[in-house]
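My notes follow in the order in which I checked things.

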Amino acid sequence: MVVRREPGAVAFSFSLLERKVLERALTTLLENYQVNPAEIDERAAAVWYSSAGCRSAGMSTEETADWMKQLYALRFGRIAILRECLEQLGAGPEAASGMRVSVQQADALMTALNDHRLLLAAHHDIGEAEMSVRSWAALARLPARQQTTLFEIEFFAYLIDELLRLLSDPASLEGQS
Amino acid sequence: MGIETLPDTREETKGKVEDAFEKNWNVIVWNDPINLMNYVVFVFMRVLAFPKEKATRHMLEVHHNGKSCVATETREKAELYHQQLQGYGLSVTLEQGE
């Protein structure tokens, strides 16, 4: 993956594998962002729509429902940018492809990708112990599905790190990566 | 027939108004193993308008102590922060202070 800053935007180039992983993430996010909090699966609800804060604030059932509706709207508002990204990825050649998002859109994309990391961890029981794995030997002891998930979580961490670096680095405003 | 008097709602209303404007709601952010440290700093800067140093200090407090009180506000403002921070994927609760 190559990420570079362009005037007013961030541009990405992906290998085929990276593109497939990102396409799958964007598709999953698009599906889940459209599901009402009351109908979304339990694990997604726990990380995206936790009502712990509403309970601690002593909100009534109605207040909590209203608050959830607004939180749902926040996530639903990211759908347009995710669709745009998915279209860009699909428009490129099979072997590699690129994507360009404006600086304003980069915030929503980054947050959505972070949501995907939370979702992956919740669905595959990735917690503190798994995230602390720092050796190949320790990784190999985990079930195969958790190993794959950890790679995916780390790939999106790298993407988010790069976005944060480019968005905060004044030197990158001139377009250098 | 006994004489019934209307309850004095003035005191009750006054109490509700005072509650609404009192900055005694703590916004607590909790540690989790998935959110990246620099992402949390970014979110604190974006939502709470913290300078980078303050955002980093609170992120480290979350990381080392398990939680950090990032704001003490009126209930309405605290609920707004709560929603925005949770919209960014952070674990947040509200606690009423003294």
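I began in the sheet of chain B and looked up the partner of B:I28, which is B:T93 in β3(B). The bridge belongs to the pairing of strand β1 (residues 25–30) of chain B with β3(B), antiparallel over six bridges. I counted strands as paired if DSSP finds at least two bridges between them. Helices (H or I, at least four residues) and strands (E, at least two) are DSSP runs, numbered from the N terminus.

A note on the source: this is a predicted model, in which local features need pLDDT of at least 70, side-chain atom pairs count only at pLDDT 80 or more, and totals for chains, interfaces and linings use all residues. Residues are numbered from 1 along each chain as its sequence is written, while chains are lettered from A and ligands numbered from 1 in the order in which they are written.

**The sheet of chain B**

I then traced the whole sheet: three strands, open, in the order β2-β1-β3 (chain B), with antiparallel pairing. From one strand to the next, the twist averages 25°. My angles run from 0 to 180 degrees between N-to-C directions, with axes as lines fitted to C-alpha atoms, for helices over the stretch in contact.

Which helices pack on the sheet? Helix α3 (residues 52–65) of chain B does, touching β1 and β2 of chain B, and its direction makes about 135° with that of β2(B). α4(B) packs there too, touching β1, β2 and β3 of chain B, and its direction makes about 15° with that of β1(B). Contact here means that the C-beta atoms of two residues, placed from the backbone, lie within 7 Å.

**Helix α4 of chain B**

I stayed with α4(B), which has 13 residues and reaches 18 Å from first C-alpha to last, close to the 18 Å expected at 1.5 Å a residue. The expected span is 1.5 Å times one less than the number of residues. B:A78, B:E79, B:H82, B:L85, B:Q86 and B:G87 are buried in this helix. A residue is buried if 20 or more other C-beta atoms lie within 10 Å of its own, exposed if 12 or fewer, and partly exposed in between, with C-beta atoms placed from the backbone. What do the buried residues of α4(B) pack against? I found α3 and α4 of chain A, together with β1, α2, β2 and β3 of chain B. After the helix comes B:G89, with a positive phi near 95°.

Next I checked the crossing with α2. The axes of helix α2 (residues 37–48) of chain B and helix α4 (residues 75–87) of chain B come within 10 Å and cross at roughly 145°. B:V43, B:V47 and B:L48 in α2(B) meet B:Y81, B:Q84 and B:L85 in α4(B). By class, this contact has five nonpolar residues, one polar and no charged. Ala, Val, Leu, Ile, Met, Phe, Trp, Tyr, Cys and Pro count as nonpolar, Asp, Glu, Lys and Arg as charged, and the others, Gly among them, as polar.

**Where the chains touch**

The contact takes 22 residues from chain A and 19 residues from chain B. Which element gives the most to the side of chain A that touches chain B? It is α6(A), with six residues. That side has 11 nonpolar, seven polar and four charged residues.

**Single residues**

I looked up two non-glycine residues with positive phi. Phi of A:D125 is near 55°, and A:D125 sits in the loop between α6 and α7 of chain A. A:D125 counts as partly exposed because it has 13 C-beta neighbours inside 10 Å. Phi of B:A49 is also near 55°, in the loop between α2 and α3 of chain B. B:A49 is exposed, with 9 other C-beta atoms within 10 Å.

My last stop was the hairpin of chain A. Strand β1 (residues 2–6) of chain A and strand β2 (residues 9–15) of chain A pair in the antiparallel sense over five bridges. A:V2 stands opposite A:S13 in β2(A). Two residues lie between the strands of the hairpin, where A:G8 takes a positive phi near 75°.
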